[in-house]
Amino acid sequence: MSQIHKFFIEHALYPAMEHLKGNHIRRITAELQETQKSGAPELQRQRLACLLKDCRDHVPAYENAITAGDAEIDKDPYRILQTQVSPLKKSVFQKNGKQYLSDRIPESMRIANCTGGSTGQPTHFFMTKNQVQTYEAARWRGLSWFGITPGSRSVMLWGNPIELSRKDQARYQAKERFLKNRVILSAYSLTEKHAKSHVEFINKYRPEYLYGYAGILTAFARIMDAQGLRLSVPLKAVVSTSETLENRQRDLLQRVFGCPVANEYGARDAGILAYTCPENGHLHITAENCLIEILDPITLKPLPPGNSGLIAVTDLNNEVQPRLRWLLGDVGTLSETPCPCGRGLPVLKKVEGREDALLLRTDEILVHGNVITQILRADKNIRTFRFRQLSPEEAALSIVKAEGTAIDEQALQSQIAGVLPGTKIHIEYTDEIPPSASGKIRTIIREFSLPNEK
């Protein structure tokens with residue numbers, strides 16, 4: 001029955017949507033599958049040049065910033081972008097969003113959207129239908145590397161109460177199941193008590209892949225492992241999205257679910273930016289749709305490949321409200337070498353986490369929160385935790401202890417002091433570290449601005 005449903009979606013539903021609604025996702029996906037062979041760099045250059053000209057001529061926020069003529073832009077659009085356009089912070093855009101609207105795109109073509117606001121105030125922005133379709137096409141190209149197609153049955157482990165609290169839940173779930181061949185399981189039900197019923201449902205539903213937040217997938221796998229539970233259905237992949245996927249999480253997911261783990265890196269306000277290479281585990285950047293730069297966290301100057309810094313994204317298909325060099329809020333590193341798999345796409349070596357996981361020492365030296373994570377993960381008596389740096393001088397550490405254990409606070413304080421000298425750590429114990437409102441699990445958070453943000 002599942003194969004019949006899959007055939008219906010791919011050979012009847014999608015063609016009908018293309019005919020009735022002008023849906024071009026399949027065509028764009030096919031184009032991406034061709035350009036990944038060799039044409040991505042040139043297509044990126046052409047689209048960037050067109051976008052810069054369009055912003056200069058039709059977007060108030062950029063009309064005085066971009067002064068280069070057409071010939072100069074065509075010659076080297078990358079240089080023009082870096083020399084004439086400043087990185088865009090979310091706080092600036094939130095205050096002046098209307099200045100970024102193109103006068104060329106009619107209001108009737110604007111699609112309103114907003115971020116989840118899990119790290120602060122939600123960002124409201126507009127998109128176009130074509131932009132949405134390029135995002136979806138990038139996702140399907142990445143999934144196709146794992147043998148997954150648009151009709152493939154999936155179970156989605158999700159936790160956004162905004163998305164899951166619509167008036168007619170029955171109709172919404174039916175639409176997801178019929179049109180997208182997927183079922184959504186709430187992340188808030190993934191407890192030890194319900195784990196067995198979730199496994200039984202997945203085995204009965206027989207999806208080709210699981211899809212969800214890295215933290216939620218990890219929590220589910222950990223519970224399954226502790227109870228000796230395994231899926232009887234073979235999966236093509238477990239797809240992790242929206243959060244940083246650490247190596248320890250990837251290893252656990254591969255072992256428990258017995259399949260490859262695909263990391264989907266993207267954002268609601270930037271699209272699908274990169275996808276895991278099934279051969280080598282690298283993140284291939286969707287170069288046809290976006291340009292990714294790595295910037296120094298303090299100076300906001302571009303860094304060469306191999307250096308860790310803030311991720312700035314230029315969406316090459318954003319015509320309605322372009323955000324050039326958009327500071328996404330993440331930290332990452334570009335690879336110094338291409339991937340040997342043969343795909344002609346640049347490589348994002350790693351995504352290290354949120355920008356607000358960069359911690360600031362009292363001597364104004366930046367330290368990535370991953371080092372705190374490594375210290376705390378090494379303590380077998382700590383089941384989970386949340387570290388919040390309130391200021392360079394003070395931080396709060398919430399700990400959920402493993403049952404029947406004790407924490408050597410003095411040793412822990414000493415190790416953290418080696419990373420954050422001069423920062424006083426307040427330790428508290430709790431029974432649970434709840435996810436944020438979006439369902440994401442964040443363990444390292446800096447709750448004040450860096451010098452460049454003030």
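In this predicted model, Asp 54 is in contact with Val 59, Ser 102, Arg 104 and Glu 319, when its neighbours within four places in sequence are left aside. Asp 54 itself belongs to helix α3, and its relative accessibility is 13%. Because residues under 20% relative accessible area are classed as buried, Asp 54 counts as buried at this value.

Helix α3, which spans residues 40-58, is also one of the elements that supply at least two residues each to the lining of the second largest pocket, the others being α2 (25-35) and α8 (129-144). The space in this pocket amounts to about 300 Å³. The second largest pocket is lined by 18 residues, and those closest to its centre are Arg 47, Asn 130, Thr 134, Leu 316 and Asn 317. When the lining is sorted by class, seven of its residues are charged, six are nonpolar and five are polar.

Helix α2 was then examined for the placement of its buried residues. In this helix, Ile 25, Ile 28, Thr 29, Leu 32 and Thr 35 are buried. Viewed down the axis of α2, these buried residues fall within an arc of 125°, and they therefore line one face of the helix.

How values were computed. Residues are numbered from 1 along each chain as its sequence is written. This is a predicted model: local features need pLDDT of at least 70, side-chain atom pairs count only at pLDDT 80 or more; totals for chains, interfaces and linings use all residues. Side-chain values use heavy atoms; hydrogens and water are left out. On a 1 Å grid over the protein atoms alone, a cavity is a set of points where a 1.4 Å probe fits but cannot get out, and a pocket is an open set with protein on both sides within 12 Å along at least five of seven lines; lining residues have an atom within 4 Å of a point. Grid points are joined across faces, edges and corners, and a volume is the space filled by probe spheres set on the points. Helices (H or I, at least four residues) and strands (E, at least two) are DSSP runs, numbered from the N terminus. Ala, Val, Leu, Ile, Met, Phe, Trp, Tyr, Cys and Pro count as nonpolar, Asp, Glu, Lys and Arg as charged, and the others, Gly among them, as polar. Buried means under 20% relative accessible area, exposed over 50%, partly exposed in between (1.4 Å probe, protein chains only). Contact means heavy atoms within 4.5 Å. The arc is that of the directions from the helix axis to the C-beta atoms.
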